[in-house]
Amino acid sequence: MKIIDLRSDTVTLPTPAMREAIYQAEVGDDVFGEDPTVNRLEEMAAQRMGKEAALYVASGTMGNLVALLTHCGRGDEFIVGHLAHTFLYEAGGSAALGSIHPRTLLNQPDGTLDLTDIEAAIRGENVHFPRSRLICLENTHNRCGGAVLTSEYTKAVCQLAQRHGLAVHLDGARVFNAAVALGVDVKELVEDVDSVQFCLSKGLSAPVGSVICGDEEFIYEARRNRKIVGGGMRQAGIIAAAGIVALEQMVDRLAEDHANARRLAEGLAEIPGLAINLDRVQTNIVIFELTSESLTPAELQARLGERGVKLLDIGGRGLRAVTHYGIEADDIEVALAVAREVMEQL
Ligand SMILES: *Cc1c(COP(=O)(O)O)cnc(C)c1O
């Protein structure tokens, strides 16, 4: 039985080209700036994002943390959605390690923050208040079902931030999914943000790593903060080599993941006892609800898992499935057949 693992796009395994690149990688000590493969990946990433410089980090969580530490000082406040990965799933790192105060605003179902909410949350100068320093956006928005933020929206937030002297960080873990879904150059989606973090280890299928991009001065400081959190790696070219292949070969194929997600969502929508808002399925993430009261989402997850289809219970009545490299169109049909069978047996 083939396991159809739809828990996350982080389960992707390196491609044969990546394993070859890893084997061949030229390496050096990256803390001395002497790993040619890491240097090449950072140059490529900066160029792809249209930024001056880039920094290779161990994970998306480290990328966001290092960016926050670089933008904000002790007691500063960052504005972030209540469903943001940075707020929900990064173990409170900004507070634990940076003494950075999160100001959460309600995420709209489309992954945006309301501009008027942001404006109202920005603090004036007053001895009682923390200082508003940063706005953090997420594209695509994980917990909002892979929702895509447009470049128009992102630019509007950046303009608002500039008017108030705040910076903008984009958690772009899946920003290439957004670019592919919109059919735009990724540069357009990050043009006005001060920093962006993207993951090589999700849909792009590299085994490890993320990259932070920004201007020279920002990246210089971010490099110090990476050292502080123990992210100065030595012959990191071994893993960065796969990241180069990811950028060169794995971006355009994300469209296949989006088509598979759409097919999965349409199939799930037809199964009695499940509900899904098809308009919300824009990229490779499918969030749906179990409306049948005959079992819990955890039980549904377990029953599908026993039959080789793995997905995630995400709390409430929600479940999440993510398509990726390694999931073929045929696997989607199998997953749907299994889901139909499980739901019919209730
Ligand atoms: C996965 C993810 C991260 C964190 O990446 P890790 O490499 O798992 O630490 C950050 N933000 C978003 C939106 C993500 O989906």
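By class, the shell around the ligand holds 2 nonpolar, 6 polar and 5 charged residues; here Ala, Val, Leu, Ile, Met, Phe, Trp, Tyr, Cys and Pro count as nonpolar, Asp, Glu, Lys and Arg as charged, and the others, Gly among them, as polar. The model is a predicted one, in which local features need pLDDT of at least 70 and side-chain atom pairs count only at pLDDT 80 or more, while totals for chains, interfaces and linings use all residues. Residues are numbered from 1 along each chain as its sequence is written, and side-chain values use heavy atoms, with hydrogens and water left out.

Of the 13 residues around the ligand, Gly-60, Thr-61, Asp-171, Arg-174 and Lys-202 come nearest. Helix H3 (residues 60-71) gives the most to this shell, with 3 residues; helices (H or I, at least four residues) and strands (E, at least two) are DSSP runs, numbered from the N terminus.

A polar backbone atom of Gly-60 is 2.8 Å from an oxygen atom of the ligand. A polar side-chain atom of Asp-171 lies 2.6 Å from a nitrogen atom of the ligand, and one of Lys-202 lies 2.8 Å from an oxygen atom of the ligand. On its own the ligand has 380 Å² of accessible area, of which the protein covers 86%; accessible areas come from the Shrake-Rupley method with a 1.4 Å probe, and for residues only the protein chains shown count as cover.

The empty spaces come next. Rolling a probe the size of a water molecule over the atoms shows where empty space is left. On a 1 Å grid over the protein atoms alone, a cavity is a set of points where a 1.4 Å probe fits but cannot get out, and a pocket is an open set with protein on both sides within 12 Å along at least five of seven lines; lining residues have an atom within 4 Å of a point. Grid points are joined across faces, edges and corners, and a volume is the space filled by probe spheres set on the points.

The largest pocket has a volume of about 290 Å³. Its lining has 16 residues, of which Arg-143, Arg-280, Ile-287, Phe-288 and Glu-289 are the closest to its centre. Strand E10 (285-290) and strand E12 (312-315) are the elements that give two or more residues to this lining, and E10 gives the most, with 3 residues. The lining of the largest pocket divides into 9 nonpolar, 4 polar and 3 charged residues.

There are 3 cavities of 30 Å³ or more. The largest cavity holds about 80 Å³ of space, and of its 13 lining residues Leu-268, Phe-288, Leu-304, Leu-311 and Ala-339 are the closest to its centre. Helix H12 (254-269), helix H13 (297-306) and helix H14 (329-344) each supply at least two residues of this lining, with H14 giving the most, 3 residues. By class, the lining of the largest cavity has 13 nonpolar, no polar and no charged residues.

The second largest cavity holds about 50 Å³ of space. Among the residues that line this cavity are Arg-174 and Lys-202, both of which also come among the nearest to the ligand. Helix H8 (175-182) and strand E7 (195-199) each supply at least two residues of the lining, which has 6 nonpolar, 2 polar and 2 charged residues.

A salt bridge is a side-chain nitrogen of Lys or Arg within 4 Å of a carboxyl oxygen of Asp or Glu, and the whole structure has 20 of them. In one, the side chains of Asp-30 and Arg-226 meet (3.4 Å, N to O). Asp-30 lies in the loop between helix H1 (16-24) and helix H2 (36-49) and Arg-226 in helix H10 (residues 216-228), so the pair ties together parts that are 196 residues apart in sequence.

Technical notes. A residue is near a molecule or strand if one of its heavy atoms lies within 4 Å of it. A polar contact is a pair of N or O atoms within 3.5 Å; within protein, one must be able to donate a hydrogen and the other to accept it, and residues adjacent in sequence count only if both atoms are side-chain atoms.
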